[in-house]
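Subject: Structure handover

Hello,

Here is the structure for you to look at. My notes on what was found in it follow below.

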Amino acid sequence: MSGHGERMPGRGERMLGDLIAAHHLASVEELPAMIAKYAGPAGFSEVMLYLTDLQHQFLVPLPGQRDPDGKELERLRIDATVAGRAFRTLDIVQVRRADDTEPTPSHPITDEEPRQLWAPLLDGTERIGVLGMTVAAGGETVRWRAAQLASLVALILSSKYPTSDAYARLVRTQPMELSAEVLWTLLPIRTFATERVVVSVALEPAYAVGGDAFDYALAGDTLHLSIFDAMGHDTAAGLTATIAMGACRNNRRQDIGLRAVGEAIDAAIAEQFGGARFATGILADLDTRTGVLTWVNRGHHPPLVLRGGRWVATLQAEPDPPMGLGMSAFTEPSRYQLEPGDRLLFYTDGVIEAQSPDGQEFGLERFADFVIRREADGVPPPETLRRLIQGLLEHQQGRLQDDATVLLVEWRTEQQEQLLL
């Protein structure tokens, strides 16, 4: 029953159709039971739905779910479990149902053996959790059904969470400060991809964000990118970053050009704070067809370019004054030609200036080398940044002295995409 040209199996078709019809009036809390109800006739039992916490350290079960022994499901560590491996690798992972062991080349799982499957849940390319399920046998059709079920569940979850406080509470492991509450509401999702470009972002500390912010959006062939670092670490810093992001979007959508957008942000912050607050930042446009990057630097650290396992360029340009001081820009936007496969790194000073207890900075060299090594290991961009944030926290023994934000952009041509398939 395998093959690319065959029609979807009837049971799988009914499962997906019934879920689509039923989800419209269901709350987030009702999803596990609803999924189990409609997945059962398609051969899936012991269905378990987990969401990732805000910092991507744990997989947290939706409430009310129980294991086959009747115990309430507990949260799982992403770095130490089979379910976490599905989340990290973006692939379906399976274990033997009889003894919970993973297959090996010398001891593979046969198609006739029952197994537990763990499938990643993706909102586009944003990782939001995993779906666990038990099946009586394997095979290509079973894996296909599991992948389709996980895709639909992720779409359903992504349509529910903006209006669900239950979802917001579930993915938090500690109380969130006001500035972070406001900022997370406005930020775009942390991972986005098309055939030509991948964007992935990490921001820490998640619950007490001060003045860091990021933004990106696609308009035709142009990818708009921005990163901000506002003065201070208080609610006013968060408000400064929020004004910067809002003014950037408002003026960017009028298609007035990067330099004018920077001037508009400067005016908006100055109007609110009278020159007492400012934000540094990079505003950039990437032509996703040609790989030409255009940017302006408003007092910020220059972006880095990684290529073929090497740090090949630092995008130095004479910086204009930070935004908010009422000091006009005087330089024209800079340009750089990317090559297919290049990775751009935008970052704030909390990354490279992170200090260990003995005063050792994390540094630019270590930062670039960390990303290069993960790329060599075949780690996808969002997993690279998740591990980077963990590395920064370990460097500072679990407590950042400053906000740390990284915006990673990978550009590739359509021809390169075809070669990778």
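To begin with a turn: G220 takes a positive phi near 65° in the hairpin of strand 9 and strand 10, a hairpin with two residues between the strands. Helices (H or I, at least four residues) and strands (E, at least two) are DSSP runs, numbered from the N terminus.

Before the rest, some conventions. This is a predicted model, in which local features need pLDDT of at least 70 and side-chain atom pairs count only at pLDDT 80 or more, while totals for chains, interfaces and linings use all residues. Residues are numbered from 1 along each chain as its sequence is written, and side-chain values use heavy atoms, with hydrogens and water left out.

Around the hairpin

Strand 9 (residues 212–219) and strand 10 pair in the antiparallel sense over eight bridges; two strands count as paired if DSSP finds at least two bridges between them. L218 stands opposite L223 in strand 10. Strand 10 also pairs with strand 11 (residues 279–287), again antiparallel, over nine bridges, and there L225 has A284 as its bridge partner. Eight of the nine residues of strand 10 (residues 222–230) are buried, so this strand is largely enclosed by the rest of the structure. Buried means under 20% relative accessible area, exposed over 50%, and partly exposed in between (1.4 Å probe, protein chains only).

D212 is found in strand 9 and counts as buried because its relative accessibility is 0%. Neighbours within four places in sequence aside, the contacts of D212 (heavy atoms within 4.5 Å) include L183, F228, D229, T348 and D403. A150 is 62 residues from D212 in sequence and 33 Å from D212 in space, C-alpha to C-alpha.

Six strands form an open antiparallel sheet in the order 3-2-1-6-5-4. Strand 3 (76–77) and strand 4 (93–96) stand at the edges with a single partner strand each, so one side of each has no neighbour in the sheet. Strand 2 (residues 58–61) and strand 3 are joined by two bridges in the antiparallel sense, with L59 opposite L76 in strand 3.

Helix 3 (residues 82–89) lies across strands 1 to 6, running at about 135° to strand 6 (126–135). Axes are lines fitted to C-alpha atoms, for helices over the stretch in contact, and angles run from 0 to 180 degrees between N-to-C directions. Helix 4 (residues 140–160) packs on the sheet too, touching strand 1, strand 4, strand 5 and strand 6, and its direction makes about 40° with that of strand 5.

Helix pairs

Helix 6 (residues 178–186) and helix 7 (residues 235–252) pack at about 15°, with their axes 8 Å apart. These two helices are therefore roughly parallel; angles under 35 degrees count as roughly parallel, over 145 as roughly antiparallel, 65 to 115 as roughly perpendicular and the rest as oblique. Their contact involves L178, S179, V182, L183 and L186 of helix 6 with T235, G238, T242, M245 and R249 of helix 7.

Helix 10 (residues 364–376) and helix 11 (residues 381–395) have their axes 10 Å apart and pack at an angle of about 140°, which makes helix 10 oblique to helix 11. From helix 10, R366, F367, F370, V371 and R374 meet T384, R387, L388 and H395 in helix 11.

Regards
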